[in-house]
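This report goes through one protein model, element by element. Keep the sequence and the structure in view while reading.

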Amino acid sequence: MEYRRVGESGLTVSEISFGAATFGGVGDFFGAWGDTGVEGARRIVDICLEAGVTLFDTADVYSDGASEEVLGEALRGRRDRVLISTKAALPTSTGWGTSRARLLRAVEDALRRLRTDRIDLFQLHGYDAGTPIEEVVATLDTLVTQGKVRYTGVSNFSGWQLMKSLAVADGAHRTRHIAHQVYYSLVGRDYEWELMPLGLAEGVGALVWSPLGWGRLTGRIRRGRPLPERSRLHATADAGPPVDEDRLYSVVDTLDDIAAETGRTVAQIALNWLLRRPTVASVIIGARNEEQLRENLGAVGWRLDDEQIARLDAVSAREAPYPYFPYRRQEGFALLDPPVAG
């Protein structure tokens, strides 16, 4: 396991982190993700710690707070060995948004459920257009000053939303975001068009959610075959990022070829490709059982070679939309693209 700084901050995290959205199992949507209880969560934490995982990610919206509760109980007695990331903004039974009142309550509720006195990384789970950014930035700065939150970040922001938040924080000399939790995968590379260059320029690290394309790059989805019976895509496909099926199957075919060459699984190769990408501080994996967890943890400790990375780059690429596409077509504009980590 390697360890990386998040952006230009002093926070260092494991290159693989664990996402606890499968903990709790409350409600139809998150129940389809998983229903891991406290005992199962303790075993998952054991395996993660043995592998060197240090960051555990959750959110108040995951099973309406039950994920935080299960994670907090599973970490009892070993809180000082881990980093905890949680998020707030999306609708829950206690409210939604990022107003001062909502954020203050969300943090207090999270601290109680997680059985801790601080949140290592607190992220806004979405952009709240109804609350002035100045109010949000000031509230987060207060929480950091109080010691209840160590670092702040965002999730699912557009480029202008993140940049304006950073500018407001800089102008007021307040705490600035160090992390952006984003969707990024071999079948979803939109992050590269604007958010990756922004992260490079502003020192904001990426924490990648759904690195296996909303469950499509597990190795169990193949061209011409029905979805596996236990796939969560049966219940959640419409809520996730859209994926062009022809491109998906082309990517899976290439992953299959490289799996045969390396002796690795499709999922491990898809995760390893992400670990080489610029700005990526940590890739968040999930698991409903020990077998899935151990497979995903096997994505570290080795590297795809340059030729294999180039093949994956080529098969997963697609034309960027305006205003990004004109320059990529012209010779001499290669410097506009972020470098690919080796």
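## The barrel

Eight strands close into a barrel, in the order 3-4-5-6-7-8-9-10, and their pairing is parallel. On average, neighbouring strands of this sheet are turned by 30 degrees against each other, with direction ignored. The model is a predicted one.

Strand 7 (residues 149-155) and strand 8 (residues 179-183) run parallel and are joined by three bridges. Val 154 has His 180 in strand 8 as its bridge partner. Helix 5 (residues 133-146) lies across strand 6 (119-124) and strand 7, and runs at about 150 degrees to strand 7.

## Strand 8 and its two sides

Strand 8 is mostly covered, with five of its five residues buried. In a regular strand, side chains alternate between the two faces of the sheet. In strand 8, Ala 179, Gln 181 and Tyr 183 point one way, while His 180 and Val 182 point the other way. All of these residues are buried.

## Nonpolar cores

In soluble globular proteins, nonpolar side chains tend to be buried together. The largest nonpolar core of this model has 79 residues. Those with the most contacts inside this core are Phe 18, Phe 56, Phe 122, Tyr 184, Leu 217, Leu 255 and Leu 293. Helix 10 (residues 266-275) gives the largest share of the core, eight residues. Apart from this core lies another, of 11 residues, among them Leu 121, Ile 178, Leu 207 and Ile 284.

What does Phe 56 touch, not counting residues up to four places away in sequence? The residues are Phe 18, Val 45, Cys 48, Leu 49, Leu 71, Val 82, Leu 83, Ile 84 and Ser 85.

Helix 2 (38-51) has 14 residues, which should span 20 Å at 1.5 Å a residue. Ala 41, Ile 44, Val 45, Ile 47, Cys 48 and Leu 49 are buried in helix 2. What covers these buried residues includes strand 3 (16-19), strand 4, helix 3 and helix 11 (290-297). After helix 2 comes Gly 52, with a positive phi near 95 degrees.

Helix 3 (residues 66-74) is mostly covered, since eight of its nine residues are buried. The buried ones are Ala 66, Ser 67, Glu 68, Val 70, Leu 71, Gly 72, Glu 73 and Ala 74. Their cover includes helix 2, strand 4 (55-57), strand 5 and helix 4 (100-114).

Thr 86 lies in strand 5 (residues 83-88). Is Thr 86 buried or exposed? Thr 86 has a relative accessible area of 1%, and the limit for buried is under 20%, so Thr 86 is buried. Leaving aside neighbours within four places in sequence, Thr 86 is in contact with Thr 58, Ala 59, Asp 60, Glu 68, Ala 110, Leu 114, Ile 119, Leu 121, Phe 122 and Gln 123.

Asn 296 is found in helix 11. Asn 296 counts as buried because its relative accessibility is 8%. The side chain of Asn 296 reaches the backbone oxygen of Gly 286 at 3.2 Å. With neighbours within four places in sequence left aside, the contacts of Asn 296 are Leu 212, Ala 267, Leu 271, Ile 285 and Gly 286.

## Backbone details in the loops

Ser 63 is not a glycine, yet its phi is positive, about 55 degrees. Ser 63 sits in the loop between strand 4 and helix 3. With a relative accessible area of 2%, Ser 63 is buried. Arg 115 is also not a glycine and has a positive phi of about 55 degrees. The place of Arg 115 is the loop between helix 4 and strand 6.

Where does Pro 323 lie? Pro 323 is in the loop between helix 12 (306-316) and helix 13 (325-328). The peptide bond from Tyr 322 to Pro 323 is cis, and its omega is near 10 degrees.

Key:
Residues numbered from 1 in each chain as written. Predicted model: local features only at pLDDT ≥ 70, side-chain atom pairs only at ≥ 80, totals over all residues. Heavy atoms only, no water. Core = buried A, V, L, I, M, F, W, Y, C linked by side-chain atoms within 4.5 Å. Buried < 20%, exposed > 50% of the residue type's maximum accessible area, 1.4 Å probe, protein only. Helix = DSSP H or I, 4+ residues; strand = E, 2+ residues; numbered from the N terminus. Contact = heavy atoms within 4.5 Å. Pairing = 2+ DSSP bridges. Axes fitted to C-alpha atoms, helices over the stretch in contact; angles between N-to-C directions. Expected span 1.5 Å × (residues − 1). Polar contact = N/O pair within 3.5 Å; in protein donor to acceptor, adjacent residues only side chain to side chain.
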